Amino acid sequence: MHPISKTAFFCCGIRADDARSPGSIYADIYAEDFMTTEGRTIYAQFSGSPRRNASNVVRERIIQDEIAQRLKANKNLQIVNIGAGFDSRAYRLAGGRWFEFDEPAIIEHKNARLTTERCPNPLQRRAVAFSSGELPAALRECDPDVETLIVIEGVFMYLDKAQVDELLQTLSDRFPSHTLICDLMNRVFFKRHMGKMYDQILALGSEFKLIEAQPENVFLHRGYQQPSPPISIVGRARDFKAFRIPDLLLRTALHTLRDGYRVHAFERSRQDAARQPLR
């Protein structure tokens, strides 16, 4: 079994720090429960970037708000979280039938620290060795015929185009109709604005692979529609006063910072699947 990834502990440490702060953006009261001595050591080595840390919790807040908005319309919404990490939204949002999929070490640790029985909403967790192709079989536990929201957060940048294509095909095979919420970073943002932050990601043992000029096109070419504009993570960080950037500057000279890393909501219907070219 692979050990828990350093990035999982790192992101959890950011959320735990945010939850302790007076002006918490994300208020993940369970994040500290998942931290270990090893996790705190990992986080302490790479915790000194307020901009990146703010981007992380703002991204999570944006996605949480998007989920909450959809739960208001459908309390029985099926929410499928792939690469769930130490996410705890199932415990903090009202409604939904939740499924969490991740590597065995993460699922084992989550079950030990925060049991599914404590969750106020129906929650199932499943261990999946992604590299062994176990996801399609695991997804059979989900209902393909109900309204489904798929959440894939902080994942796609670590996959190459072939892996992204395979994952999207797996989702479409199981859920002919679904909404997919994810975060995407474009090539200009990566080259101009990541800098030392990416050096720290490399030091954590990870690397970005999906570095496209317009990464959303990968999804649109797979038959997804994008009915609403993506949400700027940096823009929302400014709204939360996590970044102090003049609006004029963000709309002009720093527009690549504003528009290069965003949360997207893609939709796919049975009609879209029927129009998709044969593989």
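In these legends a residue is called buried when its relative accessible area is under 20%, exposed when that area is over 50%, and partly exposed in between, with a 1.4 Å probe and protein chains only. The structure is a predicted model, in which local features need pLDDT of at least 70 and side-chain atom pairs count only at pLDDT 80 or more, while totals for chains, interfaces and linings use all residues. Residues are numbered from 1 along each chain as its sequence is written, and side-chain values use heavy atoms, with hydrogens and water left out. Helices (H or I, at least four residues) and strands (E, at least two) are DSSP runs, numbered from the N terminus.

**View 1. Strand β4, covered on both faces.** Strand β4, residues 148–152, is mostly covered, and five of its five residues are buried. In a regular strand the side chains alternate between the two faces of the sheet. Thr148, Ile150 and Ile152 lie on one side of β4 and Leu149 and Val151 on the other, and all of these residues are buried.

View 2. Seven strands form an open sheet with mixed pairing, in the order β3-β2-β1-β4-β5-β7-β6, where two strands are taken to pair if DSSP finds at least two bridges between them. The edge strands, each pairing on one side only, are β3 (123–127) and β6 (231–232). Strand β1, residues 78–82, runs parallel to β4 and is joined to it by four bridges, with Gln78 standing opposite Thr148 in β4. Four bridges also join β4 to β5, and these two strands run parallel; here Ile152 stands opposite Cys182 in β5. From β4 the chain crosses through helix α8 (residues 161–174) to β5 in a right-handed β-α-β crossover, meaning that, with the strands pointing away from the viewer, the path from the first strand over the helix to the second runs clockwise.

**View 3. The antiparallel pair β5 and β7.** Strand β5 (residues 178–185) and strand β7 (residues 261–268) run antiparallel and are joined by eight bridges. Within this pair, Cys182 stands opposite His264 in β7.

**View 4. Two nonpolar cores.** A nonpolar core is a set of buried Ala, Val, Leu, Ile, Met, Phe, Trp, Tyr and Cys residues joined through side-chain atoms within 4.5 Å. The largest such core has 58 residues, and those with the most contacts inside it are Ile67, Phe86, Trp98, Met194 and Phe208. Helix α4, which spans residues 50–73, gives the most to this core, with seven residues. Apart from it lies another core, of 27 residues, among them Ile82, Ile150, Leu159 and Val164.

**View 5. The surroundings of Phe86.** When neighbours within four places in sequence are left aside, the residues in contact with Phe86 include Ile4, Ala8, Phe9, Cys12, Phe34 and Ile106, as well as Arg15, Asp28, His109 and Lys110. Contact here means heavy atoms within 4.5 Å.

**View 6. Aromatic pairs.** Rings of Phe, Tyr and Trp (its six-membered ring) pair if their centres lie within 6.5 Å, and planes under 30 degrees apart count as stacked, over 60 as edge-to-face and the rest as tilted. A search of the whole structure finds 14 aromatic pairs. One of them, formed by Phe156 and Phe219, is edge-to-face, with 5.1 Å centre to centre and 90° between the planes. This pair links distant parts of the chain, 63 residues apart, with Phe156 in the loop between β4 and α8 and Phe219 in helix α11 (residues 216–220). Both Phe156 and Phe219 are buried. The pair of Phe189 and Tyr261 is tilted, with 5.9 Å centre to centre and 45° between the planes; it links Phe189 in helix α9 (residues 187–194) to Tyr261 in strand β7, distant parts of the chain that are 72 residues apart. Phe189 and Tyr261 are buried. Ring pairs also link Phe156, Phe219, Tyr224 and Phe266 into a cluster.

**View 7. Positive phi values in two loops.** Ala27, although not a glycine, has a positive phi of about 55°, and its place is in the loop between α1 (6–20) and α2 (31–34). At 39% relative accessibility, Ala27 counts as partly exposed. Lys241 is likewise not a glycine and has a positive phi of about 65°; Lys241 lies in the loop between α12 (233–239) and α13 (247–251), and is exposed, with a relative accessible area of 55%.
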